[in-house]
Structures are given as structure tokens and as C-alpha cells.
Amino acid sequence: MQPRQGKATRRASEAGATVPEASARSARGARTDRNESPAAPEAALPEAGKFGPARKPGSGQKKSPPDTQERSPVRATGARAKKAPQRAQDARPSDSTSAAGAEGLEPPAAREPAVSRAGSRRQRGARGSPKPRPLPGPRDVPNPGLPVSVPILVQRDAAPGARKLRAVLEKLRLSHQDISKAAKVVNGVVGHLLRRLKCEPEFGGVEQLHTGSYYEHVKISAPNEFDVMFKLQVPRIQLEEYSDTGAYYFVKFKRNPEGNPLSLFLEDEILSASKMLSKFRKIIKEEINNIKDVQPDADVIMKRKRPGSPAVTLLINKEISVDITLALELKTSWPASTQEGLAIKNWLSAKVRQQLRLKPFYLVPKHAKEGNGFQEETWRLSFSHIEKEILSNHGKSKTCCENKEMKCCRKDCLKLMKYLLEQLKEKFKDKKHLDKFSSYHVKTAFFHLCTENPQDSQWDPKDLGLCFDNCVTYFLECLRTEQLKNYFIPGFNLFSSNLIDKTSKEFLSKQIEYERNNEFPVFGEF
């Protein structure tokens with residue numbers, strides 16, 4: 001259909017297609033038990049190949065400053081290779097060695113694997129071609145739309161940089177005490193607001209949906225950012241795709257909406273996202289003034305509305321940020337734009353994919369980018385609950401990372417990538433180049449890499465340094481090619497030029513290259 005010319009009111013220099021996700025959870029290195037209960041069970045809360053050219057031992061490498069225009073050769077973190085890379089199936093770990101790696105034992109440093117990321121710039125450019133090179137053996141995974149094919153070569157020795165990475169992960173680990181303290185305060189505020197919303201006819205059926213990094217067990221740094229989603233079931237509606245995006249839709253009721261409390265938010269038969277979000281925001285703003293009466297330890301203020309954002313952001317006690325998002329729940333077939341998405345058949349199995357696609361999907365009042373402003377009546381697809389399911393059951397082996405079972409470093413790599421982006425955004429916050437990037441971009445790239453490398457043995461904890469370098473390589477290739485397909489909606493490019501400008505992508509790429517070539521100084525000294 002032709003784009004509906006609605007209210008594109010607010011101009012903004014930045015427009016994100018995704019919502020940052022954060023919540024709180026204790027990071028435990030490679031050990032993650034999907035059956036482990038959160039520290040605060042009722043909290044809706046604290047909320048990834050080819051490697052670089054080998055260097056001769058002892059050869060010096062001149063460090064280039066961040067602002068240099070010259071692209072330095074990239075390499076695996078700390079890798080100094082002497083022998084040809086071995087095939088993954090020839091180097092898969094035994095159960096005993098995997099268990100040893102899971103306990104954090106350091107492998108001997110004498111054996112250093114030779115790795116090669118791509119001997120020349122021409123080779124690296126070839127990886128970004130529309131048809132990725134087939135991977136060897138069982139990892140020949142058909143997955144159209146990915147910008148690069150990055151096999152992980154499992155080596156018996158971890159890259160020397162893995163020791164530093166483990167120290168970073170230890171620093172990112174959240175204490176149960178801090179989590180519980182923050183969870184108690186946020187739970188009280190969220191519960192109070194939920195009860196208040198239920199008193200309104202328009203939001204009488206609202207419920208809380210437990211999604212985000214807290215429940216995905218990938219929250220990092222501090223329990224100071226939380227994502228909360230309030231879901232509202234809306235049956236008998238039809239969707240009209242906005243401007244062939246595959247991600248944004250207009251919502252209409254199939255039948256006469258008389259008697260439907262949501263009819264108050266109709267505009268030309270369209271369920272107005274802006275009207276509904278405004279009422280949602282108004283109720284919350286009014287109610288936070290009453291929270292002190294029942295929760296004296298919570299000083300709550302509402303932050304200014306961000307252009308195009310679907311979330312209502314609260315600041316509790318001047319240090320805890322809570323994003324509350326309204327979501328429409330639809331228990332119908334997923335839209336056609338998702339048919340080729342969720343490419344987990346060779347990773348988690350076709351059966352799991354079928355089961356996940358039977359679950360409801362959600363719409364959030366996220367405004368589509370329209371010129372220099374936003375189309376304020378659109379709703380955007382959300383699959384945050386499916387992302388939680390994938391991360392909670394992330395192994396090809398159904399017992400991956402369970403107690404006394406084989407461990408992997410998937411979640412550790414995701415935490416490190418999130419922390420890398422977080423630190424760079426903090427370092428260059430005055431430049432504004434990185435404002436449009438979020439942890440969702442990192443998580444999306446990570447999911448694609450998991451699809452490319454589905455075997456648990458390709459994510460052995462002993463190979464943390466190499467696996468993390470694969471994640472960095474893949475994300476850099478996405479930035480270079482300006483291609484990062486939404487994991488559920490392949491036709492929607494999160495790195496398209498109308499969402500993130502080329503200058504910002506080049507800036508982030510240059511900074512990540514600098515960090516890797518200098519063994520990630522932004523992580524600090526250990």
C-alpha cells in the first residue's frame with residue numbers, strides 16, 4: 001500500500017529502529033543455568049570465521065590512534081600463528097576437556113593456533129558479497145540475506161587475550177545483593193503502576209510481560225537499567241503494512257468497534273499509536289505523584305519523551321532507569337514478512353522454530369521514520385519474548401550450559417559485545433556519532449552468527465578469545481556492508497541509510513578496529 005500520510009510532527013536528527021534492552025542478571029562466565037531462578041523472581045527487571053593475518057612472534061605492531069583514516073590489518077585477539085588452521089571437526093573437544101574449560105582452567109599458552117582472517121583487503125571484501133561462501137562440513141547452513149559467512153574454527157588453545165576477557169566478564173558480574181536491592185524498588189513502582197492502569201477501562205486487561213536482558217541472563221555492568229513491557233490483548237484486528245517495511249503496520253478493527261474501549265483511540269478507522277501512547281503516558285505521570293505515599297524509598301520522576309520512542313522512561317532515586325512499553329498482543333499467525341526469518345532450523349531445530357511461531361506476537365507504538373520526522377500512527381512488530389526463549393535455550397544440544405553438562409560461551413560473547421558498544425558510547429558521548437546504536441544491533445548480529453555457527457563445539461569456553469573475535473569480525477562486516485537484517489523480518493535492514501547514516505557507521509567501525517588492534521584498551525587494565 002502507499003504510505004499513509006499521517007502526522008509526521010517531530011523532527012529529529014536521530015531515529016532508532018530498535019529499542020535498547022537492558023535489565024539485571026548476574027554474569028557467571030560460561031556457566032549459565034537456564035533453569036536457575038532470578039535473584040528476584042517477580043522482577044520484570046534488570047535487564048557474534050575467519051581470523052586476522054598471523055604475526056611473527058615478537059614482531060611489533062604500531063598502534064594507530066582512533067582518528068586515523070588508515071585501516072589497520074585486523075587479527076584475532078593476541079593470536080600469533082605458526083601452523084595452518086585445523087578443521088573444526090578435527091579439533092572438537094572431548095567431554096572432559098570441555099568440563100575443565102567450564103571450570104575456568106587456563107589452557108597452556110605454549111600451543112598457539114595459526115589463524116587467518118583473510119590475507120588481503122580483496123579477500124575481506126569478498127566476504128561481503130551477496131552469496132556467502134559455503135562453510136565446510138556440517139556447518140554448511142543456508143541462510144539468505146546474511147552479509148557475511150564467518151565460520152568458527154575450534155582450536156584447542158584459547159587466544160592469549162582470553163585471560164583479559166575473562167577478567168572483564170568477572171568485572172561485569174552483578175552481585176545478588178545489588179540486584180535484589182534494585183529489584184525490590186523497581187518491583188514496587190511497576191506493581192503500583194500496573195494496578196493503577198487496570199482501573200482504566202482502556203487498559204483494564206493489561207498484564208506484565210517478562211522480557212529483556214534480566215530474564216535473558218545477559219545484563220551487564222550494573223542493575224541500573226530495566227525494561228518492562230505491559231501487554232494488552234486485542235482480538236479481531238487487521239494489519240496494513242506501512243510502506244513495504246515489513247516491520248511497521250497500521251492497526252484496524254475487523255468489526256464495528258462500538259463498545260470497545262479502544263475506540264477512543266481511533267483516527268480515520270486507524271488505531272492511533274500516538275493517541276494511545278499519550279493516554280498511557282498521562283496515566284503514569286499522574287500516578288507517580290502518589291507512589292511516595294505507599295513507597296517512601298522510591299523517588300520517581302518521568303524523563304522527557306524521546307522522539308519516536310515507544311517507551312515511557314522513569315528515573316528512580318536518580319540512578320535507576322526504567323523503560324515501560326505498552327504492547328498489543330496478537331494471538332494470530334505471524335505476518336508474511338516474517339516467513340523467512342527466525343533461521344534456527346539448523347541451530348535449534350525446525351521443530352523448535354515451528355513451536356515458537358505458534359506463540360503470540362506483539363506490536364509496540366514505535367513510530368516509523370518518515371522523512372525528517374515520524375509517522376505517528378504506526379505500530380512496530382516486537383519479538384522480545386522469542387529472543388528470551390532463544391537465549392534461555394541457546395544450545396543445539398538441549399542440555400547446553402545446564403548443570404554438569406557441556407558449557408558454551410555464547411552468552412559470554414554477547415555480554416562482551418554489549419559492553420564494548422556501551423564503553424564506546426560512553427567514551428564518545430560528546431560526539432553523538434554513536435547515539436543511534438543500541439544493544440539490539442549487537443544482539444541481532446549475534447543471533448545471525450549463531451545461525452552461521454550452530455554447533456555447541458564452535459562456542460567452547462576454552463576458545464573464548466577466538467569466538468569473541470568472530471563476533472567482532474561479523475559486526476564490523478555488517479557495518480562495512482551497511483547490512484544488518486532484522487532476525488525475524490529479513491526484509492527490514494537495521495543498518496539502512498535512512499535509519500543510521502553512513503558517517504556514524506564508519507566512525508563506529510573505525511573505533512572497533514582500533515580497539516581490537518590494540519587489545520581493547522576501552523575494557524581497562526587487568
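**Close-up 1. The hairpin formed by β8 and β9 in the predicted model.** In this predicted model, strands β8 and β9 form a hairpin with 3 residues between them, and N317, which sits in the turn, has a positive phi of about 55 degrees. The two strands run antiparallel and are joined by 6 bridges, with β8 covering residues 311–316 and β9 covering residues 320–330. Within this pairing, A311 stands opposite T325 in β9.

**Close-up 2. Strand β8 and its pairing with β7.** Strand β8 also pairs with strand β7, which spans residues 300–302, in the antiparallel sense and over 3 bridges. Here I301 stands opposite L315 in β8. Strand β8 is mostly covered, since 5 of its 6 residues are buried. As a general point, the side chains of a regular strand alternate between the two faces of the sheet.

Close-up 3. Residue E377 is found in the loop between β12, residues 373–375, and β13, residues 379–382. With a relative accessible area of 3%, E377 is buried, because that value falls under the 20% cut-off. The side chain of E377 makes a polar contact of 2.4 Å with the side chain of S272, and a polar contact of 3.3 Å joins the side chains of E377 and S274.

Close-up 4. A disulfide is a covalent bond between the sulfur atoms of two cysteines, yet a search of the whole structure finds 0 disulfides.

Close-up 5. The protein chain has 12 helices and 13 strands, and of its 526 residues 56% count as buried. The accessible surface of the protein chain comes to about 22500 Å², of which 48% belongs to carbon and sulfur atoms.

Note on methods. Residues are numbered from 1 along each chain as its sequence is written. This is a predicted model: local features need pLDDT of at least 70, side-chain atom pairs count only at pLDDT 80 or more; totals for chains, interfaces and linings use all residues. Side-chain values use heavy atoms; hydrogens and water are left out. A disulfide is a pair of cysteine sulfur atoms within 2.5 Å. Helices (H or I, at least four residues) and strands (E, at least two) are DSSP runs, numbered from the N terminus. Buried means under 20% relative accessible area, exposed over 50%, partly exposed in between (1.4 Å probe, protein chains only). A polar contact is a pair of N or O atoms within 3.5 Å; within protein, one must be able to donate a hydrogen and the other to accept it, and residues adjacent in sequence count only if both atoms are side-chain atoms. Accessible areas come from the Shrake-Rupley method with a 1.4 Å probe; for residues, only the protein chains shown count as cover. Two strands pair if DSSP finds at least two bridges between them.
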